[in-house]
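Dear colleague,

Please find below the structure that I am handing over to you.

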Amino acid sequence: MIVMARVDDRLIHGQVAVKWCKQLNITRIIVASDAIAKNAVQVSALKMAAPAGVKAAVLPISKAVAILNDPRSKDLRILLVSNDPADLLGVFQGISERPTLDVANYGRINSPISGKKKISDSVYLTESDIEAIKSIHDLGVEVITQPVPTDDRKDVMGLL
């Protein structure tokens, strides 16, 4: 079962690997990205960043959907991560589960923040990001921003 989905430029890093995995008792991290799944160096680095006892997989969208729809995934505690809301929209369109989507630490690293809408100190969104997030929300997904478990949860739709 998907315990939480997250959009984060850094994908698997300290906050995800240590704090969220421990807080949510995660047993599996799935990074869903067609682009990243094609990059062997990134795949290897992300797998090594997973905490002890947590397996990580970096998969193209179609394969992530297939694995998440496999009945065996119901016995796992999965953290679904991507660095692009459009990629997660593709996943959500292919699955029936509707875990909370946490948008945190996004929009500052991979491209300039100019021209983006700031919704929190750590989240800057383009118009296409906003459209993807709205589409995910329209599928019945709660969308929040909460960088770490001890931070207050904020409703992204209200911030938009």
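Of the contacts in the protein with a separation of 6 or more, 68% are accounted for by residues 24 or more positions apart; contact means heavy atoms within 4.5 Å. Please note that this is a predicted model, in which local features need pLDDT of at least 70 and side-chain atom pairs count only at pLDDT 80 or more, while totals for chains, interfaces and linings use all residues. Residues are numbered from 1 along each chain as its sequence is written, and side-chain values use heavy atoms, with hydrogens and water left out.

Overall architecture

The secondary structure comes to seven helices and nine strands, where helices (H or I, at least four residues) and strands (E, at least two) are DSSP runs numbered from the N terminus. The radius of gyration, taken over C-alpha atoms, is 14 Å, close to the 15 Å that the globule rule gives for 160 residues, so the protein is as compact as a globular protein of that length. The globule rule is 2.2 Å times the number of residues to the power 0.38. Along the principal axes, the C-alpha atoms fill a box of roughly 40 × 30 × 30 Å. Buried residues make up 48% of the 160 residues; with a 1.4 Å probe and protein chains only, buried means under 20% relative accessible area, exposed over 50%, and partly exposed in between.

Nonpolar cores

A nonpolar core is a set of buried Ala, Val, Leu, Ile, Met, Phe, Trp, Tyr and Cys residues joined through side-chain atoms within 4.5 Å. The largest such core has 29 residues, of which L80, L101 and V103 touch the most other members. Elements that each supply at least two residues of this core include β1 (2-7), β4 (78-82), α5 (85-94) and β5 (101-103). Apart from this core lies another, of 20 residues, among them W20, I26, V31 and L79. Not counting residues up to four places away in sequence, V103 touches V7, V123, L125, I133, V143, I144, T145, Q146 and V156.

V91 is found in helix α5 and is buried, with a relative accessible area of 0%. Leaving aside neighbours within four places in sequence, V91 is in contact with A32, I61, V65, L68 and L80. V91 and I61 are 30 residues apart in sequence and 6.1 Å apart in space, C-alpha to C-alpha.

Helix α6

The buried residues of α6 are D129, I130, A132, I133 and I136. Seen down the axis of α6, these residues fall within an arc of 165 degrees, so they line one face of the helix; the arc is that of the directions from the helix axis to the C-beta atoms. On the other side of α6, E127, S128 and D138 are exposed. The cover over the buried residues of α6 includes α5, β5 and β7. Just after α6, G140 takes a positive phi of about 100 degrees.

A polar atom of the E97 side chain lies 2.8 Å from the backbone nitrogen of I2. The side chains of E97 and K74 are joined by a polar contact of 3.5 Å. A polar contact is a pair of N or O atoms within 3.5 Å; within protein, one must be able to donate a hydrogen and the other to accept it, and residues adjacent in sequence count only if both atoms are side-chain atoms.

Yours sincerely
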